Amino acid sequence: WLDLPQAMAKQAGELPAFAAKVKADGIRHIVLLGMGGSSLAPEVFQRTFGNAPGYPELRVLDSTHPAAVRSLEAQIDPARTLFLVSSKSGATTETNSFFYYFWHKLSRITAQAGAHFVAITDPGTALETLAAERKFRAVFRAPEEVGGRYSALTVFGLVPAALIGVDIGAILSRARRMSEACAATVPEGSNPGLALGAVLGELTLAKRDKVT
């Protein structure tokens, strides 16, 4: 899916305005409720770029262990938190459990709990339907053909990134440049993708098979 930087450019253009509104509403934390592929890229964005001044800080909840849930809950004020319910299938049991837990918490302190939730999912899922029924603040639909672990440059990665103030336009521009630099027409000695592949191959032969 190397064409995602171009394909997402139009949709990504709408995200900064959405993020600015969330910031203006006084939201201090973004909590991503997800498992596996849908939670990896957002965590990388937060750890790599951090949240821009005045923007919410991102927390990722991808463990159903009660201690993990309690730990996260102790770090946030639900009334000033936006929850991203992130599931490609829209039927992930763990993600749904997270949602109902925090929905119950919000329902006890506000009559507009839906304003604290955003759905990120594929079109036509049960999560999309739930978001409409519960009056979520927004629903973002991802390209159906892109697998979760490859979804960093879809709304699964870009929505959380925009909400913490990451420059989405710059991210997509740089990704597009790297895609072009790795094209089949680029000479072998100038292709960073081939160079990286060669390094990884040699390191594997030397029994160094982890990239960190």
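Guide: Here it is, and note that this is a predicted model.

Visitor: Why is T185 called exposed?

Guide: A residue counts as exposed when its relative accessible area is over 50%. T185 has 73% relative accessibility, so it counts as exposed. T185 sits in the loop between α9 and α10.

Visitor: How far is T185 from W1, in sequence and in space?

Guide: In sequence they are 184 residues apart, and in space 18 Å, C-alpha to C-alpha.

Visitor: What makes the span of α9 agree with its number of residues?

Guide: The expected span is 1.5 Å times one less than the number of residues. For the 14 residues of α9 that should give 20 Å, and the end C-alpha atoms are 20 Å apart, which agrees.

Visitor: Which residues of α9 are buried, and how do you know that they line one face?

Guide: I168, I171 and L172 are the buried residues of α9. Seen down the helix axis they fall within an arc of 90°, so they line one face of α9. R174 and R177, on the other side of α9, are exposed.

Visitor: What do the buried residues of α9 pack against?

Guide: They pack against α1, α2, α4 and α8.

Visitor: Which residues of α4 are called buried, and what puts them on the same side?

Guide: Buried means under 20% relative accessible area. In α4 the label goes to S38, S39, A41, P42, F45 and Q46. They cover an arc of only 170° around the axis, which puts them on the same side of α4. L40, V44, R47 and T48 are exposed on the other side of α4.

Visitor: Which elements meet the buried residues of α4, and what follows the helix?

Guide: The buried residues of α4 pack against the strands β1, β2 and β3, and against the helices α8 and α9. After α4 comes G50, with a positive phi near 70°.

Visitor: What makes the phi of K135 and of K207 worth a remark?

Guide: Most residues other than glycine have a negative phi. K135 is not a glycine, yet its phi is positive, about 60°. K207, also not a glycine, has a positive phi of about 70°.

Visitor: Where are these two, and why are they called exposed?

Guide: K135 lies in the loop between α7 and β5. Its relative accessibility is 65%, so K135 counts as exposed. K207 belongs to the segment after α10. At 74% relative accessibility, K207 therefore counts as exposed too.

Visitor: How much space lies in the largest pocket, and which residues are closest to its centre?

Guide: The largest pocket holds about 290 Å³ of space. It is lined by 13 residues, and L2, L153, A175, M178 and S179 are the closest to its centre.

Visitor: Which helix supplies the largest share of that lining, and what classes of residue does the lining have?

Guide: α9 supplies the largest share of the lining, three residues. Both α1 and α9 supply at least two residues each. By class, the lining has ten nonpolar, two polar and one charged residues.

Note on methods. Residues numbered from 1 in each chain as written. Predicted model: local features only at pLDDT ≥ 70, side-chain atom pairs only at ≥ 80, totals over all residues. Heavy atoms only, no water. 1 Å grid on protein atoms, 1.4 Å probe; cavity = no way out; pocket = protein on both sides within 12 Å on 5 of 7 lines; lining within 4 Å. Points joined across faces, edges and corners; volume = space filled by probe spheres on them. Helix = DSSP H or I, 4+ residues; strand = E, 2+ residues; numbered from the N terminus. Nonpolar A, V, L, I, M, F, W, Y, C, P; charged D, E, K, R; others polar. Buried < 20%, exposed > 50% of the residue type's maximum accessible area, 1.4 Å probe, protein only. Arc of directions from axis to C-beta. Contact = heavy atoms within 4.5 Å.
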